[in-house]
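Hi everyone, thanks for coming.

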Amino acid sequence: MILLTLSHIKKVYGEKVIFDDLSLTVDSTQKIGMIGINGTGKSSLLKIIAGLETPDQGEVITSNELAIEYLPQNPDFDEHSTVLEQIFKGTSPFMKVLRAYEQVMADLEERPEDSHLQNQLLSLNEQMDREGAWQLESEAKAILTKLGIVNFNQKVGELSGGQRKKIALAGALIRPCNLLILDEPTNHLDNETIGYLEELLKNKKSGLIMVTHDRYFLERVTNQIVELDEGKIYEYPGNYEAYLEQKALRESIEERMREKKQSLYKQELEWMRKGVEARRTKQKARKERFYELEESLGSSQKQNLDLNLGTSRLGKKIIVLDNVSKSFGDKCVVKDFTYTVLRDDRIGIIGNNGMGKSTLLNMIAGMTAPDSGTIEMGETVKIGYYTQENKEMDLKMRVIDYVKEQGEFVKTADGSLISASKMLERFLFPPILQYTPIEKLSGGERRRLYLLGVLMQDINVLFLDEPTNDLDIYTLQVLESFIDEFNGPVITVSHDRYFLDRTVEKLFVYTGNGEIQNIPGNYSDYVARLVAEKPVVEQAVKKEKEVAPRKTNQPKLKFTYKEQKEYEQIDSVIETLEEEIAHLEQEMVKCATNFVRLQEITKEKEQKEEELMFQMERWEYLNELAERIANQ
């Protein structure tokens, strides 16, 4: 089903044309990954599709059945609402009854004998049945738990920025829609959570449009890539790998056409230089074609990111860590860690959020002191540190002035000098943008500028803290090439699996309680190792459980009120669904020639089968829980 169509869209910010004459059709089967260099208007296009911004020209044609759920890069929150209230926001009857039910359940925990609340609960149970809201409530709690949010009644204002992003993501995933729009959904998520999100989106029965830099995520989730390039849009069926192949073919064809144009341009230029005396119509038309050809050749010059920068001399001693430990209160984030940094090190630091990865990087950089142990740094070491925030970036400053703070000229790897302005052009900041205040740049453009500022500092050691957040794929590819040629160690904290595979040869893996393992290989090597070890680990855990003494201080398992009611009724619910599906299959045979009715029955049967699958999963969970309760 076609959900919406963008027809000849144009958007302008100030003097900058973001895109012009852009058209796109989105249907309910598409899972679209949108890519493009920072500043090409990806987030703006998402907002237009979501109905939050209007185009300057063109129109957005939507289906009557369109229901959009949109997750921006920086979601808004009600500081005083609970986690579940934030997720169940909305004015539909569906959401209202969910909010009311969760509120009454929370009140009953404090006042279980309140008869008024008990009567309210009975009434809300009936409404939940009518609205079919039980499934959504269960899905919401399951997704939150997977994302690491377990206190559903905690106030949003008490949560960290990363936890808030997870809540916003969970809300977008569970609220009913047929078009889900996500802007950088993997930012600030750990690898385990990203893997879970991949599976969720692959199996979600709705259209999907997302902007992400995560190339493995694009590879595994999408079935179409949409690229924004110089105000135009290019569509490629398939995932990220298919996009790379098709784009290479397109650029090859364009290059051949360009060569033909250049050959024709030389011929026409020679004709122009001869100075034709007569001004007949045919000759005037030929002159106009020459100018058009000249303009097209000029505008098709593709700018490429280029970081051919020199590095300062690095001595034999770089950085030595000896039995380093660090704690915050009762939480140990680094415990007795020892390592000597080598010249050619390419190290990735991985682990779940909040375990202390950035703290380790800050200690190595000399920005945070360890509680015990020593960190010695060589005299020649010059560290470039790309942090998660744009540190010391004055938003009122012009782009060119920010770069000139590092120097009017920069030394390249071959020893030549290049001006700050030319370096900015290489880094996709054209002259007209160089005199723009930084506050006028997009978030991604600021990050690209900040990265350039770090890399221009005549460094010989590079630290990167989540470098892939908000940087476009093109910039990441150049950063990866820069790391290949960089004559010094690189240490990276990242959740981007593709970037880790591409750039690191060793991992510092956080395993909990401040313990850090030093493991050779890249991220895929590490995952393969975990898979190979898993059967052995599971067998050891099973044996340990068999001989472990039973703990007597564990709280007794029991059904909640809702689970008890669900457990008592679920067998009959499954039986009813199976009967309804069998009846619908009979109806399909009878209506084999009535295509309209057949389509309606098919849709209803799919919904029933989806509901049956959910109920079967609930049956398995509830019966397992009942068995554990009985065995206490």
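Let's start at L182. Setting aside neighbours within four places in sequence, L182 is in contact with L46, L71, A172, L201, L208, I209, M210 and V211. Do keep in mind that we are looking at a predicted model.

So where does L182 belong? The largest nonpolar core has 53 residues, and L182 is listed among those with the most contacts inside it, together with I87, F88, L144, L180 and L201. Which helix gives the most to this core? That is helix α6, residues 161-174, with seven residues. There is also a second, separate core of 36 residues, and V399, I400, I418 and F427 are included in it.

Now for a pair of helices. The axes of α5, residues 134-146, and α7, residues 191-203, come within 10 Å and cross at roughly 150°. On the α5 side, the contact is made by A142, I143 and K146, while α7 brings T193, Y196 and L200. By type, the residues of this contact are four nonpolar, one polar and one charged.

Last, two backbone details. E230 is not a glycine, yet its phi is positive, near 55°. You'll find E230 in the loop between β8 (224-229) and β9 (232-237). L428, also not a glycine, has a positive phi of about 65°, and L428 lies in the loop between α13 (420-426) and α14 (431-434).

Are these two residues buried or exposed? E230 is exposed, because its relative accessible area is 53%, whereas L428 counts as buried because its relative accessibility is 12%.

How values were computed
Residues are numbered from 1 along each chain as its sequence is written. This is a predicted model: local features need pLDDT of at least 70, side-chain atom pairs count only at pLDDT 80 or more; totals for chains, interfaces and linings use all residues. Side-chain values use heavy atoms; hydrogens and water are left out. Axes are lines fitted to C-alpha atoms, for helices over the stretch in contact, and angles run from 0 to 180 degrees between N-to-C directions. Helices (H or I, at least four residues) and strands (E, at least two) are DSSP runs, numbered from the N terminus. Contact means heavy atoms within 4.5 Å. Ala, Val, Leu, Ile, Met, Phe, Trp, Tyr, Cys and Pro count as nonpolar, Asp, Glu, Lys and Arg as charged, and the others, Gly among them, as polar. Buried means under 20% relative accessible area, exposed over 50%, partly exposed in between (1.4 Å probe, protein chains only). A nonpolar core is a set of buried Ala, Val, Leu, Ile, Met, Phe, Trp, Tyr and Cys residues joined through side-chain atoms within 4.5 Å.
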